[in-house]
Amino acid sequence: MSSRPAVVLATVRNRIGHLTLNRPEGLNALNLPMVRLLQQQLRDWETNDDVVAVVLRAEGEKAFCAGGDIRMLHESHASGSDQHLVFLAEEYQLDEHIHNYSKPILALVDGLVLGGGMGLVQGATLRVITERTRMGMPEVAIGFYPDVGGSYFLSRLPGELGTYLGVTGNQVRAADALYAGLADWCISSSQVAELDHCLNRMSWSDSPLGALQALLATLGVRMLPGSELKAQRAAIDEHFAGSHLQAICTSLKGETAPAHADWAEETADVLDSRSPLAMAATLQLLRRGSQLDLHACFQQELALAPAWFDRGDLVEGIRALIIDKDKQPRWRVPSVSALEPAHVHMLLNATPIDTSQWPAA
């Protein structure tokens, strides 16, 4: 028997199944064994009448989940393996299952929740954060597009908030997560133990979801002061409504209102550091995603992945930021001004893989 700790812990207390990501030393980044363990346990509990709800949580204070194991993605592609595509297919299947789960799932999020972590959280019935939570879909920084259902849940945020978050890859704090609708409740990190105590003592009625909602109403808040997204909302909706990336950049650089000028300049600088291909593709995927159902959004994200490993900026982005750490990615298209519609069209309309080969959610 191995002495290594399990990467996912599963326990049942008071008819609640607790699933705990258990790679704190790696910021709970997802790998294929974790995805498979999560999926199997969720399936088992879904048909178990002795389990009425699930809590999804993580060990460690730094991160709920900082994303997927992108070093593995790079190594798999470089070796000619298909494990990177298998991982994405099974990860998306898990995330879609969470969205459609027949029992309430409460995601308890403390610390970083990025990329693949967002895929786990955004499908949960109740998304509970703490003051230490930082959320984001940072894929454009490594030359990819927001996946794990990002084309679905980002495109359904109010106004152009999802466009802003997807195209910039910026992280947000607790107040912004609540304001944008990426979280439902906030409790203080010091209340996590109290929440656990209450969960262990709950009496269950015919509506486990109603009981959980009533409990959260006694412990948490649904809005916090100090939202930067709220302060800049008018500018976000104006500048990120553009139909193409160059229009967004031009609009930002033309901002003169004192309340928004500094923010616009900082945002333009962020865009200058990201992959132009990835940002332009993200914009188009979010526009498409707003017209698609959940399953179709997952399918479009999966179908595009092979082209992005072969002809996009993902492999180079991982090299520059994770492997060599020189932080000097050599993007295929070096600047937004050099971007042509054909560059994006080539990737978004590449011959997709046959997604029927992957398991259905």
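Trainee: How many disulfides does the count come to?
Mentor: This is a predicted model. A disulfide is a covalent bond between the sulfur atoms of two cysteines. The rule asks for a pair of cysteine sulfur atoms within 2.5 Å. By this rule the count is zero.

Trainee: Which cysteine sulfur is closest to that of Cys198, too far for a bond?
Mentor: The cut-off for a disulfide is 2.5 Å. The closest cysteine sulfur is 16 Å from that of Cys198, so a bond is ruled out. That sulfur belongs to Cys186.

Trainee: Is Cys198 buried, partly exposed or exposed?
Mentor: Buried means under 20% relative accessible area, and exposed means over 50%. Cys198 has a relative accessible area of 21%, so Cys198 is partly exposed.

Trainee: And Cys297, buried or exposed?
Mentor: The limit for buried is under 20%. Cys297 has 0% relative accessibility, so Cys297 counts as buried.

Trainee: Next, a loop residue. Where is Asp110 found, and is Asp110 buried or exposed?
Mentor: Asp110 lies in the loop between strand 5 (105–109) and strand 6 (112–114). Its relative accessible area is 13%, so Asp110 is buried.

Trainee: Which side chains make polar contacts with the side chain of Asp110?
Mentor: Leaving out residues up to four places away in sequence, Asp110 touches Glu61, Ala63, Phe64, Thr130, Arg132, Thr133 and Ser189. Another, of 2.4 Å, joins its side chain to that of Arg132.

Trainee: What separates the C-alpha atoms of Gln93 and Phe298?
Mentor: Gln93 sits in helix 3 (residues 83–99). At 9% relative accessibility, Gln93 counts as buried. Gln93 and Phe298 are 205 residues apart along the chain, and their C-alpha atoms are separated by 8.3 Å.

Trainee: Now the helix pair. Are helix 15 and helix 17 parallel, perpendicular or oblique to each other?
Mentor: Helix 15 (residues 294–311) packs with helix 17 (residues 341–348) at an angle of about 125 degrees, their axes 8 Å apart. Roughly perpendicular runs from 65 to 115 degrees, and roughly antiparallel starts over 145. The two helices are therefore oblique.

Trainee: How many residues of the contact of helix 15 with helix 17 are charged?
Mentor: Helix 15 contributes Leu304, Ala307, Trp308 and Arg311. Helix 17 contributes Met346, Leu347 and Leu348. Six of the contact residues are nonpolar and none polar, and the charged residues number one.

Conventions: Residues are numbered from 1 along each chain as its sequence is written. This is a predicted model: local features need pLDDT of at least 70, side-chain atom pairs count only at pLDDT 80 or more; totals for chains, interfaces and linings use all residues. Side-chain values use heavy atoms; hydrogens and water are left out. Axes are lines fitted to C-alpha atoms, for helices over the stretch in contact, and angles run from 0 to 180 degrees between N-to-C directions. Helices (H or I, at least four residues) and strands (E, at least two) are DSSP runs, numbered from the N terminus. Angles under 35 degrees count as roughly parallel, over 145 as roughly antiparallel, 65 to 115 as roughly perpendicular and the rest as oblique. Contact means heavy atoms within 4.5 Å. Ala, Val, Leu, Ile, Met, Phe, Trp, Tyr, Cys and Pro count as nonpolar, Asp, Glu, Lys and Arg as charged, and the others, Gly among them, as polar. Buried means under 20% relative accessible area, exposed over 50%, partly exposed in between (1.4 Å probe, protein chains only). A polar contact is a pair of N or O atoms within 3.5 Å; within protein, one must be able to donate a hydrogen and the other to accept it, and residues adjacent in sequence count only if both atoms are side-chain atoms.
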